[in-house]
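Thanks, everyone. I'll keep this short. Here is the structure on the screen.

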Amino acid sequence: LLVGAVATPAAAGLFKVAREVATALTKPAELLTQSIYPEFARLGSTGEWSAFGGLIRRAAMLAGSAGLTVLIIMALFGKPFLGLVFGADFSAAYGALVLLVAAAVITISGFSFDPALYAMGRPSVPLRVNAVVVLCVYVPLLVLLTQRFGPIGAGMAMLASASLIVTTMGYWARRELRKRV
């Protein structure tokens, strides 16, 4: 809605298509988040902090590698994909799609930080980080960049906020883990 209000309804439609495709890529990460938490809880309760940190790193590398593969595929074949699935007019969403997929890859690569912080007894950190970044970074950038660049600007805002969220969550996970090691 905000993209449509700031830019045009056509820009909002292009952004919506790109966002739907990119969001579909993050669904497996949501399942992984739920499945990895019990392992973090087990490692944390037994004080196996070295293994805990190793699990964070392995999860990030595995998810990031898979996401990077998808990003490369989307960069190479995204425009024909959009044209084939949504119609030729939606090929214009390609730039936003690549940026949103890049943001999804960053989010996916940091999927383990959230359950790790929960398992370390710091559930407020992910909530606060997300709230602060969305309100103070994403929304202002969304308005400014969408006014200037349309759907691509909205993709830039998403990429910037995803990068900041994952970086900040990684910092907090590392900080909390160091306290325990």
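Let me begin with one contact. Glu176 makes a salt bridge with Arg180, and the closest N and O atoms are 3.0 Å apart. One caution before I go on: this is a predicted model.

Where do Glu176 and Arg180 lie? Both are in helix 7, residues 151–180. They are four residues apart, about one turn of the helix. Now, is Glu176 buried or exposed? Glu176 is buried, because its relative accessible area is 2% and the cut-off for buried is under 20%. Arg180 sits at 26% relative accessibility, so Arg180 counts as partly exposed. The pair does not stand alone. Salt bridges with shared partners join Arg122, Glu176, Lys179 and Arg180 into one network.

How many salt bridges does a search of the whole structure find? Seven. Let me show two others.

Take Glu20 and Lys16. Their closest N and O atoms are 2.8 Å apart, and the two form a salt bridge. Glu20 and Lys16 are four residues apart in helix 2, residues 9–45, so about one helical turn separates them. Glu20 has a relative accessible area of 45%, which means it is partly exposed.

Next, Arg42 with Glu48. This is a salt bridge too, with the closest N and O atoms 3.6 Å apart. Arg42 has 39% relative accessibility, so it counts as partly exposed. Glu48 has 34%, so Glu48 also counts as partly exposed.

Let me step back to the whole chain. The secondary structure comes to seven helices and zero strands. From the N terminus on, the elements run α-α-α-α-α-α-α. The C-alpha atoms fill a box of roughly 55 × 30 × 20 Å, taken along the principal axes. The chain has 181 residues, and buried residues make up 40% of them.

Rolling a probe the size of a water molecule over the atoms shows where empty space is left. The largest pocket holds about 780 Å³ of space. Which residues are closest to its centre? Thr26, Thr107, Asn130, Ala162 and Ile165, out of the 27 residues that line this pocket.

Which helices supply the lining of the largest pocket? At least two residues each come from helix 2, helix 4 (94–109), helix 5 (113–119), helix 6 (124–149) and helix 7. Helix 2 gives the most to this lining, with seven residues. So helix 2, which holds the Glu20 and Lys16 pair, is also the main giver here.

What is the lining made of? The residues divide into 17 nonpolar, seven polar and three charged.

Last stop, the surface. Leu68, Ile72, Ile73, Leu76 and Phe77 make a nonpolar surface patch of about 510 Å². Look at Ile72 in that patch. Ile72 has its place in helix 3, residues 49–86. Its relative accessible area is 46%, so Ile72 is partly exposed. Patch residues need over 30% relative accessible area, and Ile72 has 46%.

To recap. The chain has seven helices and zero strands. A salt-bridge network joins Arg122, Glu176, Lys179 and Arg180. The largest pocket has about 780 Å³ of space. And a nonpolar patch of about 510 Å² includes Ile72. I'm happy to take questions.

Methods
Residues numbered from 1 in each chain as written. Predicted model: local features only at pLDDT ≥ 70, side-chain atom pairs only at ≥ 80, totals over all residues. Heavy atoms only, no water. Patch = residues over 30% accessible without salt bridge, like charges linked within 9 Å, V, L, I, M, F, W, Y side chains within 5 Å. Areas by Shrake-Rupley, 256 points an atom, 1.4 Å probe, with all protein chains shown as cover. Salt bridge = Lys/Arg side-chain N within 4 Å of Asp/Glu carboxyl O. Buried < 20%, exposed > 50% of the residue type's maximum accessible area, 1.4 Å probe, protein only. 1 Å grid on protein atoms, 1.4 Å probe; cavity = no way out; pocket = protein on both sides within 12 Å on 5 of 7 lines; lining within 4 Å. Points joined across faces, edges and corners; volume = space filled by probe spheres on them. Nonpolar A, V, L, I, M, F, W, Y, C, P; charged D, E, K, R; others polar.
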